[in-house]
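Hi,

Here is the structure I promised to pass on. My notes on a few of its helices follow below.

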Amino acid sequence: WVYADEPELFVCKEDTRIVRSAANLSNKLVKYSDTPGTARLLLEDCEQVTTLAYVPQSATTAKPKGGTVTVRGQRAFNVFRPGNIRPMAGDAAPWLEFLTYLFPNASERKQVERWCATLIARPEERMHFALLLVSRTQGVGKGIFASQVLAPLVGEHNVGYPSEHDVTESQFNDWMAHKRLVVVGEIYQGSSFKAYNRLKGLITDKDFSVNKKHQAQYRIDNWCHLIACSNSELSLKMDNSDRRWFYPEVTELPWGREKFSEFVTWLQGGGLGIVAKWAAEYGDYVQTGERPEMTARKQVMIEESEADELRWVREYCQQAIAENESVVLSTSLALAYARRSLGKTIYTTKRELGLAMEQAGMVRAAAPDGGEFFVKFSNDRHRCFLSPAAADELKRGGLDADPKEWFRKKLKEIKGSLFDEM
């Protein structure tokens with residue numbers, strides 16, 4: 001055994017999946033000892049470290065019985081163990097046929113291949129984007145892909161299977177501790193916004209604090225890779241700047257019971273080792289810091305996830321630009337108009353509204369030195385955005401007088417135009 005001081009836990013060196021508190025270990029050993037609190041006696045002879053670590057290594061370098069590493073300047077015991085499946089020579093055609101069936105878009109399938117090969121063959125590399133697999137049709141093979149191919153190749157002890165409640169509601173996160181792969185079996189439309197925000201950190205955070213019921217918390221490096229499955233095309237709400245998710249097209253035409261049976265039989269009869277060999281020789285792995293490409297499905301999800309106020313701002317600005325109108329709009333006015341016109345609580349920030357204006361083609365007003373520029377109007381400080389026609393007007397004549405007076409005049413015009421319509 002080894003004892004980690006920070007989480008106050010004992011870890012079995014022979015099988016690092018066995019992690020016990022002192023009280024729990026003493027209870028387990030009571031039949032072998034007449035002394036109460038047997039775990040305390042182990043402290044006299046067992047190895048002691050400051051904390052636990054989870055540092056993935058390839059099967060050829062990982063020590064089978066554990067070892068001590070230095071993490072964040074602390075002496076730690078590495079609980080990582082590789083999977084048991086070893087690469088085996090053979091024809092990977094059944095695996096490639098399954099991928100071709102499940103991911104019909106060739107270019108998107110290539111990115112899925114790269115993600116899979118990196119996950120399987122490069123445990124020391126951590127990718128910074130996740131897979132979102134959505135099909136309206138149930139039973140197309142998303143579960144087989146995640147749970148019967150990737151999970152055993154990573155090692156089932158390195159895989160977490162949280163429920164949607166675990167992801168969106170629970171304060172405990174031990175399902176992602178000491179894991180390389182996390183599979184969320186189903187995300188429903190009703191929790192899409194909360195799920196997206198809760199999963200952000202799992203995908204990109206460097207480390208996290210393990211929070212397990214009845215156990216002291218401790219900090220550990222984050223090596224999780226995420227696959228989220230759903231039958232709802234609105235399973236997540238994404239903003240336009242998202243760089244965390246790869247959302248490929250998934251087939252809607254089930255393969256058929258016989259084909260699935262043949263594939264699973266092949267996997268269990270040595271096919272997993274052949275897939276491991278395929279991954280080891282793949283070569284075109286995902287690079288550190290690489291982000292996913294945009295897909296057609298992701299673009300649709302982003303557009304359908306857009307809040308009403310952001311959609312209004314974008315469409316209003318695009319129309320003004322298309323009609324060559326001289327318009328100055330501020331984030332404060334846009335927010336006030338959205339609150340009144342939509343009649344509901346608005347969670348969008350002024351910064352997000354300003355970003356939507358810029359994405360629509362508006363120009364952010366800046367000070368002569370390029371710094372922040374605000375205009376005092378109606379007892380508020382306004383960050384202003386100009387249509388190209390307004391920017392031209394400002395260049396031609398607005399600077400002959402006080403530029404802020406020009407901005408106030410334009411804001412008064414747009415305020416009257418917006419609120420008179422209500």
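Let me start with helix α9 (residues 296-305): what covers its buried residues includes β8 (130-134) and β14 (245-246). Those buried residues are Arg297, Lys298, Met301, Ile302 and Ser305. They lie on the same side of α9 because they cover an arc of only 140 degrees around the axis. Buried here means under 20% relative accessible area (1.4 Å probe, protein chains only), contact means heavy atoms within 4.5 Å, and the arc is that of the directions from the helix axis to the C-beta atoms. Helices (H or I, at least four residues) and strands (E, at least two) are DSSP runs, numbered from the N terminus.

A note on the source: this is a predicted model, where local features need pLDDT of at least 70 and side-chain atom pairs count only at pLDDT 80 or more, while totals for chains, interfaces and linings use all residues. Residues are numbered from 1 along each chain as its sequence is written, and side-chain values use heavy atoms, with hydrogens and water left out.

Helix α12 (residues 350-360) has Leu353, Gly354, Ala356, Met357 and Ala360 buried. Their arc around the axis is only 160 degrees, which puts them on the same side of α12. Among the elements covering them are α10 (308-322), β15 (328-330), α11 (331-342) and β18 (380-386).

Have a look and enjoy!

Best wishes

Key. Buried means under 20% relative accessible area, exposed over 50%, partly exposed in between (1.4 Å probe, protein chains only).
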